[in-house]
Amino acid sequence: MVEKKIAVRSQDANQRRVLDRATRQRRLTRQLDALEKDNFQDDPHASLPQLAKRLPQFDESNESGKKRKKTRGDHFKQRFRKNFQALLEEENLSVSEGPNYLTACAEPSKLPQRHFCAVCGFPSNYTCVSCGARYCCVRCLGTHHETRCLKWTV
Amino acid sequence: MTTLVLDNGAYTAKIGYSHEKVSVIPNCQFRSKTSRLKTFTASQLDEIKDPSGLFYILPFQKGYLVNWDVQRKVWDHLFGKEMFKVDFSDTSIVITEPYFNFTSIQESMNEILFEEYQFQAALRINAGSLSAHRYFQENSSELCCIVVDSGFSFTHIVPYCRGKKMKDGICRINVGGKLLTNHLKEIISYRQLHVMDETYVINQVKEDVCYVSQDFYKDMEIAQLKGEENTVMRDYVLPDFSAIKKGFCKPREEMNFTGKYKTGEQILRLTNERFAVPEMIFHPSDIGIQEMGIPEALVNSVNNLPEEMQPHFFKNIVLTGGNTLFPGFRDRVYKEVRSLTPTDFDVSVVQPHNPICYSWEGGKLLSENPDFDEMVVTREDYEENGHYICEEKFDI
């Protein structure tokens with residue numbers, strides 16, 4: 001029991017893989033991007049055969065008779081299919097003057113960074129040598145090594 | 001002529017005729033595992049009996065309208081005979097859009113409102129401007145106010161002086177309700193139960209149990225205690241959508257501190273998650289978003305404005321948006337802004353009775369304003385002058 005506890009921390013430092021700053025930053029960015037996702041599961045309709053899409057839907061059957069005047073040409077349609085990033089680039093804000101979407105973003109906080117255990121969420125005092133994640137006790141470090149540390153989850 | 005007011009949020013649309021009440025309706029489409037052929041639009045959410053694993057199709061990305069196909073479907077549903085039965089030949093619309101909206105989105109919006117739906121007149125405006133309008137109507141002696149709008153996609157802090165927004169003071173924090181729900185999902189999935197697919201359920205958990213801590217590190221200590229002493233801990237009973245239609249918190253007296261219940265229901269045990277999640281709005285840097293939290297950003301924004309106006313902003317802070325409904329939100333904002341401002345300034349933080357619909361109510365008031373007809377762009381105007389006239393008239 002005692003031996004096992006020690007094993008978590010006292011691995012030979014030379015054998016341990018240590019992530020560099022750029023990689024750590026990339027992982028953080030990925031984590032933050034994941035927090036912007038609408039869904040984590042696949043579209044439940046994605047696995048359906050294409051044919052299913054053409055089946056009449058009850059709510060549409062009575063509408064299709066008199067469709068409103070359509071103003072959507074090809075050009076129109078294309079303009080309606082841009083994602084956020086494309087629209088942002090199109091605005092060309094970095095060269096424009098005055099306050100805009102980019103300048104309105106809040107500045108970095110002047111308060112000191114606070115640290116929380118990546119496993120249990122309580123305040124933490126220690127940093128994982130390999131990946132830079134925070135942990136609060138040996139038990140959490142063990143969990144961290146087993147589940148996340150150098151494994152590319154989430 | 002009737003006026004339809006639509007606060008077109010990224011998560012819910014707040015919609016209603018100016019002479020009627022407001023309805024809050026999901027501004028998105030859904031797909032469910034159980035009904036595999038149908039896509040549900042907006043209020044059809046109620047038809048889904050088992051919303052586990054509910055799949056969202058949202059028209060907004062990062063707070064900006066990008067998916068027009070979805071938005072059109074939702075609007076068709078809202079304006080159509082199932083809901084508001086809009087008579088376009090006799091209706092004007094007041095519709096909201098985000099700060100610094102992109103030009104192409106604005107033009108698409110003009111085209112759809114005037115050419116496709118054929119509204120007789122339209123006013124595009126920021127939701128915060130409607131909130132400020134409402135605030136100034138109720139507090140007519142005040143010259144300035146600063147609106148904190150914390151919604152689904154992000155949080156904006158916007159100073160208004162005599163009804164005009166002060167663009168230089170606008171500040172955006174990229175933390176909103178969506179991020180909070182996703183973060184809660186992530187930590188619950190890592191710590192106890194895989195719920196990554198359950199956005200709908202976990203959003204409900206967030207609304208039911210999360211709160212804003214008044215003393216963060218003290219609550220952290222309490223949350224670490226064992227048994228009865230841990231007054232933060234809650235056991236949340238998850239819905240199974242047959243016997244239990246909606247999740248709920250186990251009453252404290254029924255709580256079993258060993259965490260083992262004889263009844264078969266699924267339990268989530270929540271401790272520091274309850275307040276660490278809303279804490280993101282106050283300290284985005286806790287999860288690595290290097291931005292100021294609300295109080296710091298608010299004080300920073302005001303300090304960059306003309307000195308003689310500053311005291312007026314501090315005593316007119318208005319909180320709107322769904323996130324402000326977390327218990328303790330107002331008190332925390334007050335406490336931190338108070339401690340960051342000189343003592344000779346008054347600080348007052350107002351939380352409206354219904355912070356979600358506050359801007360809609362502002363839109364209703366605005367449509368009754370005698371100047372309203374001057375502010376809108378009519379369809380003839382638009383047909384004569386195109387996008388130019390909208391750009392001229394709308395203060396966006």
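Helix α3 (residues 127-138) of chain B holds both B:Arg134 and B:Glu138, which lie 4 residues apart, about one turn of the helix. Helices (H or I, at least four residues) and strands (E, at least two) are DSSP runs, numbered from the N terminus. The two side chains meet in a salt bridge, with 2.5 Å from N to O; the term denotes a side-chain nitrogen of Lys or Arg within 4 Å of a carboxyl oxygen of Asp or Glu. B:Arg134 counts as buried at 17% relative accessibility, whereas B:Glu138 is partly exposed at 45%. Here buried means under 20% relative accessible area, exposed over 50%, and partly exposed in between (1.4 Å probe, protein chains only).

The model is predicted: local features need pLDDT of at least 70, side-chain atom pairs count only at pLDDT 80 or more, and totals for chains, interfaces and linings use all residues. Residues are numbered from 1 along each chain as its sequence is written, chains are lettered from A and ligands numbered from 1 in the order in which they are written, and side-chain values use heavy atoms, with hydrogens and water left out.

**Salt bridges**

A search of the whole structure finds 20 salt bridges over all chains. The table lists some of them.

| Pair | Closest N to O distance |
|---|---|
| A:Asp43 and B:Arg31 | 2.4 Å |
| A:Arg114 and B:Glu279 | 3.0 Å |
| B:Asp331 and B:Arg330 | 3.2 Å |

B:Asp331 is partly exposed, with a relative accessible area of 40%, and B:Arg330 is partly exposed at 28%. Salt bridges that share partners join A:Arg114, B:Glu279, B:Asp286, B:Arg332 and B:Glu336 into one network.

**The interface of chain B and chain A**

In this interface, 73 residues of chain B are in contact with 61 residues of chain A, where contact means heavy atoms within 4.5 Å. The two chains bury about 6400 Å² between them, 53% of it on carbon and sulfur atoms. Buried area is the accessible area (1.4 Å probe) that two parts lose on being put together, summed over both. In chain B, the residues that lose the most area to chain A are B:Arg36, B:Phe102 and B:Tyr190, together 12% of what that side buries. Across the interface, the rule finds 5 salt bridges.

**The domains of chain B**

The domain assignment, which is automatic or taken from a database, divides chain B into domain 1 (2-25 + 61-126 + 356-393), domain 2 (130-175 + 290-350) and domain 3 (177-278). The centres of domain 2 of chain B and domain 3 of chain B, taken over C-alpha atoms, are separated by 31 Å. Their contact takes 12 residues from domain 2 of chain B and 12 residues from domain 3 of chain B. These two domains bury about 1000 Å² between them, 62% of it on carbon and sulfur atoms. On the side of domain 2 of chain B, B:Phe152, B:Phe326 and B:Arg332 lose the most area to domain 3 of chain B, together 52% of what that side buries. The count of salt bridges between these two domains is 0.
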